[in-house]
Amino acid sequence: PYICTADQTALLPLHINKTDRLDTPSKPRRSICSTHCAYLLGSRVLQKALKMAESLDSMDIQPSEEVSNGAEGQTAISETQNPKKSSDAGSESDSDDSDDEAQETLRIETLEMELSNNPTNYDSHVQYIRALRKNGNIEKLRQAREAMNALFPLSPAMWQEWTKDEASLTSGPETFPAIEKLYERGIVDYLSVSLWCDYLNFVQEYDPSIRECSPAGILKARNLFERALTAAGLHVPEGSKIWKAYREFEQAMFNTIDETDTEAREKQVLRIRNIFHRQLSVPLLDLSSTLLVYKAWEVEQGNVLDVNSSNLDEISSHVASAYRKALEMLNARGHLEEQISRQDAPDSERIQQFMAYLKLEQSFGDPARVQILYERAITEFPISSDLWLDYTCYMDKTLKTASIVRDVYSRATKNCPWIGELWVRYLLSLERGRASEDEIFAVFEKSLQCTFSSFDEYLDVFLTRVDGLRRRISLAGQVEDALDYSVIRDTFQRASDYLSPHLKNTDSLLRMHTYWAHLESSLGKDLVAARGVWESLLKISGSMLEAWQGYIAMEIEMGRINEARTLYKRCYSKRFSGTGSEDICHSWLRFEREFGTLEDFDHAAQKLTPRLEELRLFRLQQESKNISASTDQKENSFKKSTREKRKPASNITDEQPSAKRQKDATQNPRKAYGNDKAQIKNSAEAVKVDGVKVHDGKPDGAKENETKDLTPEKPKKYTDQCTAFISNLGSEVNYEDLRGFFSDGGIIAIRILHDKNTGKSRGLAYVDFSDDAHLAAAVAKNKQMLLGKKLSIVRSDPKQSKKRESVGRSTPIEHGHADRKTGTVEESALDTSKGTKGLHAQSANQRRGDDSVQLKGKNTFAVPRMVRTLGWSSINKPKTEGTEEGEDLKPKSNDEFRKMFLKS
């Protein structure tokens, strides 16, 4: 009978007597096993072999004597008795098989094309290996597995599949080293207890030295078992499998010792007992069952113990103490083991449970237990970048063994090659471990082939490489493979060529070129090359103020004053973002004060004064445009809100019954109309002064305590007759700062303009003074500094506001007046409810031929006392007896007005 090459089990009752096309003369015969086809060349080879056997002559196929009354035997006999039926079935299956082969060939070619275009496609690699394994192409299958392992770590299942395939295809002592190397490669990628067990079993079965029980072979096996215990012996759920295999190996060695060699047998007993004691001190899931097995083994050695009891009094005290401690540790971790073992839980939840478990282990301070738990976590979630980052960080802090840390980083970058931080840490780890320049360069080049999420990650990799090269060159006398500075220059040039188009006008590119220029001047001792670095940056990011400032700072640091002055002359007329244009001008002036002569300072001031004035006017124009746009938006929003407010009021009036409306009209016939009119006017006035805050000198607390009248009030009137307009204020300037700045006094009110959306200051303000003297003193402070800003102070011009009055709407004018309203005069002209009366008054005024007379409201008693009465003109002044020419300008009381009108 034939025996399966996979696990030595019996096969189908089919023999191929005359021609065995499955074997070659140089290799021993192998049979065909349907239940173990995965261990052979694949299902396709099995199908071909079965069809070949069916197509042979019926005399060549005989049932196996060892299998009686089996379904397979009956099938073979029936096919033997009816060869025609078997032949027809074989022809049909051959046709189907040819179609399947064509499809599989096409699929393999498609996958090969995909991998040639995208070699880093993990799924395509897996599908390609499966297709080749099914097809039975051994050489291509090996090449495909090697190509995938060069880019990615293989899963434990894929390594087990690979090793078993190789073991089933070849046999003999010459093939053992190749398969052993596959196992060695497999146990490095991920932690797998099952893969370790397969490796241990394979070595015991096929290693000639171990099978012969030679001293070298036994030592090799014990070293391999100790490695397995170090790697997976602390694995809580599955670690006992390795301990058990170790005990069984030592027991087998004990059985080979001659009974007369008492000393050797006692020594072997002590070795097995020591393994038991070590296992009982480790918190594993089957700890209690291990105790019972240990007691049974002790009974076999002649000791009297209760093998069915967990009583610890019968064993040694130190073993009992270690067992109790291990049991306590196991109970403390039991609930966490249950959480991370739940396969139905979401991955994110399980990762969080692993992190909680890791924190617990780290609190106990056992690096071996922490490391094996990290290995378990990344085996479950191999592409979790957070786990790898946490793992590598812990290894850097805790373990100082360079080779172990280096292996962890190598696996981390294979599993998560898209994380730039892992590559940066990898390079630093190699440098700490005194790795060779060739090894560091290989890792650096590999990192550049990866795809990161941002260009800043590429920059970090480049700069980390430069840092390492700089340190290696600085320690030229202490390292063997000293380098030349040209390596740093080439690295910077590669970084600039690749990153400059993507990092234009960014701080990252500026940081790289600043570092580059510094190394050129300090380490490379080449000032010309350093200037070339800055010039190349200016070609890319010439609109960056910081680039010019860095270039100038380098020249000043090197003592090149004339070169720095030349750079100021090149850039002072450029336009930079924000206040950069003003800043570079002021920087030049400070430079000339500190380093230049008087002639240099005068020359700079001569150039910068018109430039600063030009920039100031430009800023005012921009602010005026912004204010104008904001005002138009406010007017549009006011019209919209007015319409919305009128609609519900009319609806309420319509909904009231007629009796109710008549009653209200009888009690107060002007009440409804007056209230609506006042509300509309108040809304309009409120919108007009939106964005301007007025400070009249009262403390803030007093203002908050004032009682607000519920009835609409007239807005305060600002005629700007004695007002200063201030611009270029800092955003942090408040009312108290302005009051302290104008320390001469005479301030009546302060109005700072604020943005209606953000509430921040616009940098503009109006300050009303009591007389012209104080106003002149305020204007004299023009160009003085307040909180780091040079203020622009001019006298406000109210004539432009009067021009707006005749038009009926505000227009953008000089000094930013477009956002302010001149008071109740303009507001009355804009009020729709008063438009008709204003037009009649103006036409009557024109008929009298007096162009200087203006309306001041509905009657003369509603205006301030300093305003001239109706009918007054500069040509024909109404005078009363006993009055002088200038007396009518004095304020008059109500009684005086009454007498004046009675006389007239």
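**Helix packing, cores and local geometry**

Reply: We can begin with a helix pair: in this predicted model, the axes of α24 and helix α25 (residues 545-557) come within 10 Å of each other and cross at roughly 165°.

Me: Are α24 and α25 roughly parallel or roughly antiparallel to each other?
Reply: The axes of the two helices cross at roughly 165°, and an angle over 145 degrees counts as roughly antiparallel. The crossing in which α24 passes α25 is left-handed. On the angle, therefore, the relation of α24 to α25 is roughly antiparallel.

Me: Which residues of α25 does α24 meet?
Reply: On the α24 side, the contact is made by Leu-527, Ala-530, Arg-531, Trp-534, Glu-535, Leu-537, Leu-538 and Ser-541. Their counterparts in α25 are Ala-547, Trp-548, Gly-550, Tyr-551, Met-554 and Glu-555.

Me: Is Glu-555 buried or exposed, and what is its relative accessible area?
Reply: Glu-555 lies in helix α25, and, leaving out residues up to four places away in sequence, Glu-555 touches Arg-531, Arg-560, Glu-563, Ala-564 and Leu-567. Buried means under 20% relative accessible area. Glu-555 is therefore buried, with a relative accessible area of 1%.

Me: How far apart in space are Leu-527 and Met-558, C-alpha to C-alpha?
Reply: Leu-527 lies in helix α24 and, at 17% relative accessibility, counts as buried. Not counting residues up to four places away in sequence, Leu-527 touches Met-554, Met-558 and Arg-560. Although Leu-527 and Met-558 are 31 residues apart in sequence, their C-alpha to C-alpha separation in space is 9.1 Å.

Me: What phi does Lys-525 have, and is this residue buried or exposed?
Reply: Most residues other than glycine have a negative phi. Lys-525, which lies in the loop between α23 (507-522) and α24 (527-541), is exposed, with a relative accessible area of 68%. Although Lys-525 is not a glycine, its phi is positive, at about 55°.

Me: In which loop is Asn-728 found?
Reply: Asn-728 is not a glycine, yet it has a positive phi of about 65°. At 34% relative accessibility, Asn-728 counts as partly exposed. The loop in which Asn-728 is found is the one between β2 (723-727) and α32 (735-741).

Me: Are α17 and α19 roughly parallel or roughly antiparallel?
Reply: Helix α17 (residues 385-398) and helix α19 (residues 420-432) pack with their axes 11 Å apart and at an angle of about 20°, and angles under 35 degrees count as roughly parallel. That angle therefore makes α17 and α19 roughly parallel. The contact between them is made by Trp-388, Leu-389, Thr-392, Cys-393 and Asp-396 of α17 together with Glu-421, Leu-422, Arg-425 and Arg-432 of α19. Their crossing is left-handed, and their relation by angle is roughly parallel.

Me: How many residues are in the second, separate core?
Reply: In the largest core, Phe-492 is among the residues with the most contacts; leaving aside neighbours within four places in sequence, Phe-492 is in contact with Leu-463, Val-466, Met-512, Tyr-515, Trp-516 and Leu-519. The second core, which is separate, includes Leu-115, Ile-187, Leu-200 and Leu-234. The number of residues in this second core is 49.

Me: Is Gln-268 buried or exposed?
Reply: Gln-268 lies in helix α12 (residues 262-280). Residues up to four places away in sequence not being counted, Gln-268 touches Arg-222, Glu-250, Met-253, Phe-254 and Ile-257. With a relative accessibility of 3%, Gln-268 therefore counts as buried.

Me: For the protein as a whole, what percentage of the residues count as buried?
Reply: The secondary structure of the protein comes to 37 helices and seven strands, and its accessible surface comes to about 51,200 Å², of which 52% belongs to carbon and sulfur atoms. Of the 904 residues of the protein, the part that counts as buried is 38%.

Technical notes: Residues numbered from 1 in each chain as written. Predicted model: local features only at pLDDT ≥ 70, side-chain atom pairs only at ≥ 80, totals over all residues. Heavy atoms only, no water. Core = buried A, V, L, I, M, F, W, Y, C linked by side-chain atoms within 4.5 Å. Buried < 20%, exposed > 50% of the residue type's maximum accessible area, 1.4 Å probe, protein only. Contact = heavy atoms within 4.5 Å. Helix = DSSP H or I, 4+ residues; strand = E, 2+ residues; numbered from the N terminus. Areas by Shrake-Rupley, 256 points an atom, 1.4 Å probe, with all protein chains shown as cover. Axes fitted to C-alpha atoms, helices over the stretch in contact; angles between N-to-C directions. Parallel < 35°, antiparallel > 145°, perpendicular 65-115°, else oblique. Left-handed = near helix turned anticlockwise from the far one by under 90°.
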